[in-house]
Amino acid sequence: MNNFNYTKAVAVEDAIEKIKANTGAQPIAGGTNIIDLWKYNLTSFNELIDINNIKDHAGIYELDNGGLRLDALVTNADTAYHPLVEERYPLLSKAILAGASAQIRNMATNGGNLLQRTRCYYFYDAATPCNKRAPGSGCSALYGYNRIMAILGTSEHCIAVFPSDMCVALAALDAVVNISGPGGDHAIAFADFHRLPGDTPHQDNNLPPAGIITSIDLPANGFAKNYSYLKIRDRSSYAFALVSVATGLDMDGDIIKEARLALGGVAHKPWRVKAAEDFLRGKTASKENFEAAALIILQGATAFEYNGFKIELAKRTIVRNCMMALHPESQLPGAQPSN
Amino acid sequence: MLSANPNAISLKINGHTYDLNILPWVSLLDALRDGLNLTGTKKGCDHGQCGACTIICDGKRILSCLTLATMKNGSEITTIEGIAENGRLHPLQQAFIEHDAFQCGYCTPGQVCSAIGMISEGKANSRAEVKELMSGNLCRCGASTNIIDAIMEVKDGGSHE
């Protein structure tokens, strides 16, 4: 743990200026990840910039296109329990409530959820090599105890997974991330926000230098009639996913008009394969068709020594969750498998 | 003079206002325990994994170990020391005794503060939901079943399920 100065930003432009002016500065909102990493000596900064006083980015608003804007500084709890989110985007609400604990959801913000770091054991152990923590030092997970690691989109440099639940739903819902930075404002499609490790695993996402997430936009279709979030983990609550699945379906009787499927716990970013969704369009909502879609999603999945179980687990979790999405009332607290 | 000091903060804790001179890297948990001798709030893991340090800040249950005290300047905080009123135990404290809802007692202050926060959130309508929404508070003695019993009694005014 290092010492640091504490300053407050009162507006987005102010925060960007302060970050730009000091390469050792770190913005903080909820702080649930950054303070933890700082205590483990996994991150350090000489200035902590408190952005919680930026009041014009702390609300949830309806958009003219029928969508919803979630400001970056709204807490995960206030987002999950917001009446418009519960009513129109229950998939997002369920996914948020499957993550962390009630106390952490009361603290953590939407922007911070997108920016959280991996929970790879080796990333968290400063005594071991890790390309994400110390680029070029090597990946300890490749030949280590890699039971929780990725099966899709890995590289020889990093096999860590991205731990968010909220982001799995945001990926399925085709959300858009709004960013302000020194170069002005721009928007990034959710699928393009997080990165695969490649040979730059230290870069989790495409937030530009001195950039700030200001809000997340949800399109009009929230798949509120047929949806489900299922999270499989080592204990039934307050644990990161081994595999999680977000499903949204638009149905016409037994026929799938449109399907959305995103996976958590299997890759360096929420995993979505459009080909599987295209396959399901116009098909009957049956176990067999969902199994076929699962195989498309898991094409190219590669296991390491201890995480081979994840491939079959992911397939079964996809099928189970799609069947649950046909009966969303079957969902249980904590995104557990239905009875 | 106080306003010129960047480390000066004011916290209202259990109804009393405390003016503190605190370095920016001190957690709220350490400020309570070491700075104010309010040792009822416990340090378990100090990393947001156990819930022992749960307190109520501006009406919401949060983890004091992952909170910097300076970031809560001006906030209203309730710790386990502020739960009882006029020498009478809070109904949850009484229910914990009656349901044998602790053994070593180390997680208990966090459990009680968390349960009070959960009840005021108003989102737990069944035993399964109470279990889920209390999962951030670990009890390594294994009293969790009795803890949920105690909370259910207070939440429902005595009826179970």
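This is a short tour of a predicted model, stop by stop.

**Before you start**

Residues count from 1 along each chain as its sequence is written, while chains are lettered from A and ligands numbered from 1 in the order in which they are written. Because the model is predicted, local features need pLDDT of at least 70 and side-chain atom pairs count only at pLDDT 80 or more, whereas totals for chains, interfaces and linings use all residues.

Colour by confidence. The model scores ipTM 0.96 and pTM 0.97.

**Stop 1: where chain A meets chain B**

Select the contact between the chains. Chain A supplies 24 residues and chain B supplies 25. Two residues are in contact if their C-beta atoms, placed from the backbone, lie within 7 Å.

Now show the chain A side. The elements giving two or more residues are strand E1 (5–8), helix H2 (34–39), strand E3 (47–50) and helix H6 (102–107) of chain A. Helices (H or I, at least four residues) and strands (E, at least two) are DSSP runs, numbered from the N terminus. H6(A) gives the most, with five residues.

Colour that side by class. It has 12 nonpolar, nine polar and three charged residues. Ala, Val, Leu, Ile, Met, Phe, Trp, Tyr, Cys and Pro count as nonpolar, Asp, Glu, Lys and Arg as charged, and the others, Gly among them, as polar.

**Stop 2: a helix pair in chain B**

Select residues 91–98 and 108–121 of chain B. These are helices H2(B) and H3(B); their axes come within 10 Å and cross at roughly 130°. Axes are lines fitted to C-alpha atoms, for helices over the stretch in contact, and angles run from 0 to 180 degrees between N-to-C directions. H2(B) is therefore oblique to H3(B). Angles under 35 degrees count as roughly parallel, over 145 as roughly antiparallel, 65 to 115 as roughly perpendicular and the rest as oblique.

Show side chains. H2(B) brings Leu92(B), Gln93(B) and Phe96(B); H3(B) brings Thr108(B), Val112(B), Ala115(B) and Ile116(B). By class, this contact has five nonpolar, two polar and no charged residues.

**Stop 3: a sheet in chain A**

Select E9, E10 and E11 of chain A. The three strands form an open antiparallel sheet in the order E9-E10-E11. Strands pair if DSSP finds at least two bridges between them. The edges are E9(A) (226–232) and E11(A) (255–264), each pairing on one side only. The twist averages 10° from one strand to the next.

Zoom in on E10(A), residues 243–252. Nine bridges join E10(A) to E11(A), and the two run antiparallel. Finish at Ser244(A): its bridge partner in E11(A) is Gly264(A).
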